[in-house]
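Reader: I have the sequence and the structure open beside me. Could you take me through them?

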Amino acid sequence: MRNLLYGVYLLLVAPIAGAHHSTVTNFTREVISVDGVIEQVRYQNPHASVLIRHTDGSGKDVYWLVETAARTTLERKGITLDVLAIGSKVTASGLKGRRAKTMYLRQIEFEDGRVFTPDAESVTIRVENIRRALEQMADDFANLQIMEGFDYEMDLDEAYRWQDEMVEIMAPDFGEVVGYKTGGHNAGPTFPTFPLDGIRAYLLAGFMREDGFTIRPDETNVGFLEADFAFRVGDASINTAETDLEILAGLDAIIPFAEVPDPYYVPDTRSVNGTIVSNMGSRFSITGEPLLIEATAEWLERINNFEFAVLDENDTIIQAGQMNGWYEPVTVVRWIRDQIRQSGKELVPGQVLSLGNIGILRPLQEGNPRGPMYTSNQFRLEYYGLQDDGPATVTINVDRR
Amino acid sequence: MKSIKCFAFCAIFLVSRTVVAEPDLSGIWMLSSFAKEGELVMTDKALALQADYDLLVDDPSLYCEPASIARVWANPNVRIAFDRADAELRISYEFYDLRRTVPLGDESVILDAPSTVNVDGTPFDKMGSSFGRFDGDRLIIETRNHAPGYIRTSRGIPQSVNTTSTEILWRQGDELRLQQTYFDETLFVKAFVVDYAFRRINETELPLYECTDADYDWFEKLNAPAVREER
């Protein structure tokens, strides 16, 4: 079958323009293939290329140079070689070179069946398909419709680039970026649909609600009440801060913070990339009165050791906990700061940084895999030990009428 | 009546000025289709040079060097910009980051040194020494002092120290046209003509090309048999 396919290639191979040197004269019309491991990817002029280490029948390593167009040409077509990760096991096919162990790239097939072709059309089609998928997800989310999962293979960097685009798509409904949220930093097992070292998403103006916000369960699909903890950025120096106290100096307030995420998908279609590109399904973010902080060792101590509880409308404690042993807030701030900077952005004074769940989740509806439905009418989150005159608080009321 | 005469005169003057205006070379240009060769009739000497040519070894491109002016014009997907000054025209080629300075005037302005260097200042004698002039709506560039090289690297069509070339550039609609004619009685029975067309692209900058590792030495070493030390 493979030979048949190559025969078809031979008939269909069109003249290739854009190579630095003449494809016609440097390469034959014979299509060959070689399997191996990607050792190097060179996105450069005059030849972009992929170096593949092939192990022959005797166990000897033989290197193949799979050439493609110049970087200049690929850039003009919007083609990158980012998907060709070093260490990937692949089978490369292309026109056999007149120079030994070289070929002109036609396609690279990965072990999992994905195929890369340096072809503007295929790249464009993929990009357009992803964009359409995101638009559909954004539309479904805005209209409380169940979302299709997102099954495109990509690395985390690309997934976060699509998350950026998702936020632009959501902007007409949910407004501008007012901060960031993260999750998955607590000790112990994390969600299987989070990247292992944590996940991040945007807080948009349209998510934000004031303390005492009343939610109706039908305003979400599978929403849940979540106890969180947040800071407010006070100074741009946080972008280059190194020590914990320098980080703290870049923050000016703790914000009592509760959230109602609403990540719902067609069953069994949720994925890590889907969680990222869908902006973690963030729906409502509720903020209490900011509590001003100082960059001192004493405040660091308070932040690392405060206790908290969720109470209902009868002051009954639903669940309590302590920050010590859950995650270190400043460490998580540093993580999200580094993530934001790696993506080419900076933290800006006034932005909210939600550090994620502190161990209390309560579904708003029955049948939620995260646990039994919350039946009380109030979800009041109290933080103890952060200020001397009583707990800092944030409250969500539940309207069940 | 006087005003009518004046009107007629002025109109003719304006029309003639319009017709003979220098070609508008502003902006960034890029080859819009493959270069078209005219009839090629080579001498025995040229045929012998061609027969000796080994693309995998002799192509100057392997060393990030332009093989000839024709080779540079003919490269697809790279930007070209013109910068007109009073006494010279500067042509910037993204390809190999070449900067070609063409003094304007008669033959007396030609320099012995190559007209083309790269952004690091390395001169390229295969690009020859040029001088040019605007003639009505055409730019005409003449080039001499070529070092031996290859007008077409894919087929080893050579140039020699005797080669001269004339490049005529003009605007045709939205396109920029170039006809380059090579003269060399030692190589060509008749002048060898190559035609090019360029389109203006919606860009304003010429990025660096940064030619890197054009040869294959680094790759061939990977598969070279290990050398055993003889004692």
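Author: Let us begin with one bridge: A:Glu210 has A:Thr287 in β13(A) as its bridge partner. This is a predicted model, in which local features need pLDDT of at least 70 and side-chain atom pairs count only at pLDDT 80 or more, while totals for chains, interfaces and linings use all residues. Residues are numbered from 1 along each chain as its sequence is written, chains are lettered from A and ligands numbered from 1 in the order in which they are written, and side-chain values use heavy atoms, with hydrogens and water left out.

Reader: Which strand pairs with β13(A) in the parallel sense?

Author: Strand β9 (residues 208-210) of chain A does, over 3 bridges. Two strands pair if DSSP finds at least two bridges between them. Strands (E, at least two residues) and helices (H or I, at least four) are DSSP runs numbered from the N terminus.

Reader: And how does β12(A) run relative to β13(A)?

Author: The two run antiparallel and are joined by 5 bridges. In one of these pairs of residues, A:Pro261 has A:Ser282 of β13(A) as its bridge partner.

Reader: How many residues of β13(A) are buried?

Author: In strand β13 (residues 282-287) of chain A, 6 of the 6 residues are buried, so the strand is largely enclosed by the rest of the structure. Buried means under 20% relative accessible area, exposed over 50%, and partly exposed in between, with a 1.4 Å probe and protein chains only.

Reader: Turning to helix α8 of chain A, which residues are buried there?

Author: In α8 (residues 297-305), they are A:Trp299, A:Leu300, A:Arg302 and A:Ile303. These four lie on the same side of α8(A), because they cover an arc of only 160° around the axis. The arc is that of the directions from the helix axis to the C-beta atoms.

Reader: Why would residues spaced that way point together?

Author: An α-helix has 3.6 residues a turn, so residues three or four places apart point the same way.

Reader: What covers the buried residues, and what is on the opposite face?

Author: The cover includes β11 (224-233), α6 (244-249), β12 (251-261), β14 (291-292) and α9 (329-342) of chain A. The face turned away from the buried side carries the exposed residues A:Ala297 and A:Glu301.

Reader: In what order do the strands of the open sheet in chain A come?

Author: Its 5 strands follow the order β10-β20-β19-β15-β16, with mixed pairing. The edge strands, each pairing on one side only, are β10 (213-215) and β16 (317-322). From one strand to the next the twist averages 15°, where axes are lines fitted to C-alpha atoms, for helices over the stretch in contact, and angles run from 0 to 180 degrees between N-to-C directions. Strand β15 (residues 307-311) pairs with β16(A) in the antiparallel sense over 5 bridges, and A:Leu311 stands opposite A:Ile317.

Reader: Now the interface. How many residues of each chain are in contact?

Author: Contact, meaning heavy atoms within 4.5 Å, involves 31 residues of chain B and 29 residues of chain A.
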